[in-house]
Amino acid sequence: MEELLDFTTGMSLALLALVLFSIRRQHIRVEYSVSWFGAALSLLLLSRWPAALHRLAGWFGIGNPPLALVFIVGTLFLLVLFRLSVIISDLKDANIALTQRVAILEYRLESVHGQKATQG
Amino acid sequence: MNAAGFDSLLIIVPAYNEEAAVGQVVEEIRQVLPGVDILVIDDCSLDQTAAVARRAGARVLSLPYHLGLGGAVQAGYKLAYELGYEYVIRTDGDGQHDPRDIPRIYEALRNSGCQMIIGSRFLEGNSAPTSLVRGLGIRFFRWVLRPILGRPVRDPTSGFVGVNREALQVFSKSFPLEYPEIEALVVLQRRRFRFLEVPCRMRPRLAGRSTITVLKSLYYIIHVLLGVFVNVLKYERRRR
């Protein structure tokens with residue numbers, strides 16, 4: 001149990017450091033780092049506060065606190081991944097609309113140039 | 001009105017890496033409908049599709065990034081809507097659709113009062129060679145769509161379709177992007193629009209090979225099924 005909590009603490013700190021480093025290097029935007037910060041801080045809190053972990057395990061009806069920790073970790077990361085899926089979907093929609101708009105503007109620009117060349 | 005008398009009609013031809021076929025497709029359309037406006041939508045092909053289409057006499061809408069079939073077709077619909085076309089007929093860039101069927105679709109568009117006309121391979125005893133999986137998929141979607149559309153549809157996967165300006169307005173804003181044919185029917189149903197099927201011929205590809213495999217067909221069925229039900233759910237929520 002203690003080893004698992006220490007490992008979780010280490011992973012949480014590593015995740016926090018990675019996110020901070022990525023923001024500093026502008027590899028990740030601040031608005032997209034919030035979910036990761038939330039997940040890492042939650043894990044850090046649970047791993048350093050066993051009483052809270054025991055209480056949560058009781059709420060979920062899981063007799064084994066380490067199992068509850070794994071369950072919570074999985075749930076948190078699923079939520080983060082779902083949020084990323086939503087963001088990716090929005091970005092894809094925006095990309096498609098922009099690509100179509102660029103193509104249409106290029107087409108109309110070429111038409112205008114063609115008309116001017118004909119008139120000139 | 002253009003030389004062929006096809007007033008305010010645009011033929012759109014989505015094409016991706018179809019340099020071997022698209023020129024003949026455009027020339028055949030021009031033979032059947034001299035003077036009609038033809039727009040090839042080049043979906044960021046890696047070959048000379050755009051240049052071949054231009055040489056054959058089509059105008060070309062070149063997408064700067066590969067969007068897939070639905071994105072390419074929607075780009076054509078958007079441009080057609082902005083340019084004020086009343087009718088748009090889509091035919092594939094691989095030459096499987098016979099341009100001699102375009103006038104029939106156009107007449108149905110003008111006279112039927114329907115917003116969408118589907119060129120169907122399976123009407124009037126016509127048959128088209130399809131793979132076993134694809135054939136099963138078509139039968140399956142006929143069965144799925146029957147209660148949703150409130151009427152049977154013989155060829156729900158046909159890409160040989162004509163739309164009028166009402167449908168054009170809807171599709172320029174909302175169009176399924178990956179496998180558009182079946183979901184587009186549901187999108188129209190949400191608007192209480194009507195469709196009609198007219199018989200058409202299906203030919204072998206003029207060049208190249210189909211990229212549809214058994215695995216892709218199965219993925220297609222699952223993807224489209226999900227898309228159909230998502231669209232139905234959207235409709236229910238909107239009505240409430």
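A residue is called buried here if 20 or more other C-beta atoms lie within 10 Å of its own, exposed if 12 or fewer do, and partly exposed in between, with the C-beta atoms placed from the backbone. By that count B:Asn17 is buried, as it has 20 other C-beta atoms within 10 Å. The model is a predicted one, in which local features need pLDDT of at least 70 and side-chain atom pairs count only at pLDDT 80 or more, while totals for chains, interfaces and linings use all residues. Residues are numbered from 1 along each chain as its sequence is written, and chains are lettered from A and ligands numbered from 1 in the order in which they are written.

Chain B comes first. Helices (H or I, at least four residues) and strands (E, at least two) are taken as DSSP runs and numbered from the N terminus; chain B has eight of the former and seven of the latter. Of its 240 residues, 44% are buried. Contacts are counted between residues whose C-beta atoms, placed from the backbone, lie within 7 Å. Among the contacts in chain B with a separation of 6 or more, 77% come from residues 24 or more positions apart.

The seven strands of chain B make an open sheet with mixed pairing, in the order E3-E2-E1-E4-E6-E5-E7. E3 and E7 are the edge strands, each pairing on one side only, where pairing calls for at least two DSSP bridges between two strands. On average, neighbouring strands are turned by 25° against each other, direction ignored; the axes behind such angles are lines fitted to C-alpha atoms, for helices over the stretch in contact, and angles run from 0 to 180 degrees between N-to-C directions. Strands of a sheet pair through backbone hydrogen bonds, either parallel or antiparallel.

Both senses turn up in this sheet. E1(B) runs parallel to E2(B), residues 37-42, and six bridges join them. Across this pair, B:Ile11 sits opposite B:Ile38 and B:Ala15 opposite B:Asp42. E2(B) itself is mostly covered, with five of its six residues buried.

An α-helix has 3.6 residues a turn, so residues three or four places apart point the same way. Just past H4(B), B:Gly113 has a positive phi of about 80°.

Two residues other than glycine also take a positive phi. B:Asn17, in the loop between E1 and H1 of chain B, has a phi near 55°. B:Cys44, with a phi of about 60°, lies in the loop between E2 and H2 of chain B. B:Cys44 counts as partly exposed because it has 17 C-beta neighbours inside 10 Å.

In chain A, helix H4 (residues 65-119) has 55 residues and reaches 80 Å from its first C-alpha to its last. That is close to the 81 Å expected at 1.5 Å a residue, the expected span being 1.5 Å times one less than the number of residues. Its buried residues include A:Leu69, A:Ile72, A:Ile96 and A:Tyr107. They are covered from both chains: the cover includes helices H1, H2 and H3 of chain A, and strand E3 and helix H3 of chain B. A:Arg25, in the loop between H1 and H2 of chain A, counts as exposed because it has 8 C-beta neighbours inside 10 Å.

As for the contact between the chains, chain A gives eight residues and chain B gives 13 residues. The chain A side divides into five nonpolar, two polar and one charged. Ala, Val, Leu, Ile, Met, Phe, Trp, Tyr, Cys and Pro count as nonpolar, Asp, Glu, Lys and Arg as charged, and the others, Gly among them, as polar.

Key: Two residues are in contact if their C-beta atoms, placed from the backbone, lie within 7 Å.
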